[in-house]
Amino acid sequence: MNQETPTYSMASKRDEDIEIIIEMVWLDLQGIVSRDIVCQTVASLYKRYDDAKVRNLIPVIVQRKAKELLVQESSKGFVIKESRND
């Protein structure tokens, strides 16, 4: 039996990682910042590691740094909070 190993391009793996990180950070912050701000922050941080040779820890590093940055900025009032009409 020949089982094929799924192959991922670096771009699709990167995009998938970014989407997962955005979702996790946004949920962790429970709406204290807008999803757009989370997206911009994560994408910007991830881009810093485009040339990294070791890539397996990038999602963890980006997630932690994004959360840290956004919490810090929100405490200073520099980020846009999610508007809720509940």
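Which residues have the most contacts inside the largest nonpolar core? Select Ile21, Val25, Val38, Val42, Tyr46, Val62 and Leu70. The core has 16 residues, and these are the ones with the most contacts inside it. A nonpolar core here is a set of buried Ala, Val, Leu, Ile, Met, Phe, Trp, Tyr and Cys residues joined through side-chain atoms within 4.5 Å. Buried means under 20% relative accessible area, exposed over 50%, and partly exposed in between, with a 1.4 Å probe and protein chains only.

Now color by element. Helix H1 (10-29), helix H2 (35-47) and helix H3 (58-76) each give two or more residues to this core. H1 gives the most, with six residues. Helices (H or I, at least four residues) and strands (E, at least two) are DSSP runs, numbered from the N terminus.

A note on what you are viewing: this is a predicted model, in which local features need pLDDT of at least 70 and side-chain atom pairs count only at pLDDT 80 or more, while totals for chains, interfaces and linings use all residues. Residues are numbered from 1 along each chain as its sequence is written, and side-chain values use heavy atoms, with hydrogens and water left out.

**The whole chain**

Zoom out. The protein chain has three helices and zero strands. Along the sequence the pattern reads α-α-α. Of the 86 residues, 28% are buried. Take the contacts (heavy atoms within 4.5 Å) between residues at least 6 apart in sequence: 65% of them join residues at least 24 apart.

Go to Val25 in helix H1. Is Val25 buried or exposed? Val25 has a relative accessible area of 0%, so it is buried. Show its surroundings: Val25 touches Val38, Gln63, Ala66, Lys67 and Leu70, not counting residues up to four places away in sequence. Then draw a C-alpha distance from Val25 to Cys39. These two are 14 residues apart along the chain, and the separation is 9.4 Å.

Next, select Val42. Apart from its neighbours within four places in sequence, Val42 is in contact with Ile18, Ile21, Ile22, Val62 and Ala66. In general, nonpolar side chains in soluble globular proteins tend to be buried together.

**Where H2 meets H3**

Hide the rest and keep H2 and H3. Which residues meet here? From H2, select Ile37, Val38, Thr41, Val42, Leu45 and Tyr46. From H3, select Ile58, Pro59, Val62, Lys65, Ala66, Leu69 and Leu70.

Now draw the axes, as lines fitted to C-alpha atoms, for helices over the stretch in contact; angles run from 0 to 180 degrees between N-to-C directions. The axes of H2 and H3 come within 9 Å and cross at roughly 135°. That angle makes H2 oblique to H3. Angles under 35 degrees count as roughly parallel, over 145 as roughly antiparallel, 65 to 115 as roughly perpendicular, and the rest as oblique. The crossing of H2 and H3 is right-handed. A crossing is right-handed if the near helix is turned clockwise from the far one by less than a right angle, and left-handed if anticlockwise.

**Back along H1**

Bring H1 back. Select Asp17, which is found in this helix. Asp17 is buried, at a relative accessible area of 10%. Asp17 touches Tyr46 and Pro59, not counting residues up to four places away in sequence.

Step to Glu19, also found in H1. Glu19 is partly exposed, with a relative accessible area of 49%. Glu19 and Cys39 are 20 residues apart in sequence and 8.4 Å apart in space, C-alpha to C-alpha.

Move on to Leu29 in H1. Leu29 is buried, with 6% relative accessible area. Beyond neighbours within four places in sequence, Leu29 is in contact with Lys67, Leu70 and Val71. From Leu29 to Lys67 the C-alpha distance is 7.5 Å, across 38 residues of sequence.

**Last stop: Ile32 and Ser74**

Select Ile32, in the loop between H1 and H2. Ile32 is partly exposed, with a relative accessible area of 33%. The C-alpha atoms of Ile32 and Ser74 are separated by 7.4 Å, though the residues are 42 apart along the chain.

Why does Ser74 count as buried? Because its relative accessibility is 16%. Finally, display the side chain of Ser74: one of its polar atoms lies 2.9 Å from the backbone oxygen of Val71.

Technical notes:
A polar contact is a pair of N or O atoms within 3.5 Å; within protein, one must be able to donate a hydrogen and the other to accept it, and residues adjacent in sequence count only if both atoms are side-chain atoms.
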